[in-house]
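Subject: Structure for you, with notes on rings and a helix

Hello,

Here is the structure for your files. Please open it beside this note.

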Amino acid sequence: MAWSIAEVARMSGVTSRTLRHYDEIGLLPPAWIGGNGHRYYERADLLRLQQILLLRELDLGLREIAEVMDGGRDRVAVLREHHRRLLRERDRLSTLARTVGRTIAELQEGGGEMVEINRPENLFEGFDPARYDAEARERWPAEWESSRRFADTLTEEDQTRLQRETTAQMIRLAELMAAGTPVSDPAVQQEIHEHYRGICRFWTPNAAAYKGLGQTYVEDPQFRANYEKIATRLAEYQRDAMAVYADARLA
């Protein structure tokens, strides 16, 4: 089966002029040329065009693309290099988007009460998780034992590092909340995913248990007080985001 240059242009969004240029430089010659002078492309050519367009998205020049496509450069190595660049750019844009969101929230008139965010280095100094041992051991004995074994491997430095990571994550959630980001937004759910992965270092909650943990953040005075130190209503915001995550990913 073959497609005319006009059909390929329509399917791919690439102009016929660009396809002719790709042919002229040897990057994408057609499978054959009809008696009417029109170029025709087969399935293998469409797959090659797909890869060319992917590499163009990664900002490779046509000469570099030709080297990659024709084996002059390691295609996997090139993709890995640009994948790392894209991840760095994603993180930069994500930070910028949060900053703009905070600015909008601060400048918006009549937008409700402004959320004030505090940024302590470590909220959990002096926080005593042992006070929950009896209840956790009774309700989730297997999970409690797994958590205890992991906790026993942590040095004091490890514990401080984990506490600071948790505090930093709570601050990021507060920033999203301040920007008016819905709890179902991918940026919020990515933070919750990281939270869930952190919890799984200790034990692996199912959907109901993870929702219950979110409710604990709201109802337990010590947990809630730590959230309130960062931003008002942050505990409820994280609880609701955890419920969305549990329904979507753990149910």
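Below are notes on the aromatic pairs and on one helix.

This is a predicted model: local features need pLDDT of at least 70, side-chain atom pairs count only at pLDDT 80 or more, and totals for chains, interfaces and linings use all residues. Residues are numbered from 1 along each chain as its sequence is written, and side-chain values use heavy atoms, with hydrogens and water left out.

Aromatic pairs first. Rings of Phe, Tyr and Trp (its six-membered ring) pair if their centres lie within 6.5 Å; planes under 30 degrees apart are stacked, over 60 edge-to-face, the rest tilted. The count is 6 aromatic pairs. One of them, Tyr210 with Tyr245, is edge-to-face, at 5.9 Å between centres and 65° between planes. Tyr210 sits in helix α10 (residues 207-219) and Tyr245 in helix α12 (residues 234-250), so this pair ties together parts 35 residues apart in sequence. Helices here are DSSP runs (H or I, at least four residues), numbered from the N terminus. Tyr210 and Tyr245 are both buried (under 20% relative accessible area, 1.4 Å probe, protein chains only).

Now helix α11 (residues 221-230). Its buried residues are Phe223, Asn226, Tyr227 and Ile230.

Best wishes

How values were computed:
Helices (H or I, at least four residues) and strands (E, at least two) are DSSP runs, numbered from the N terminus. Buried means under 20% relative accessible area, exposed over 50%, partly exposed in between (1.4 Å probe, protein chains only).
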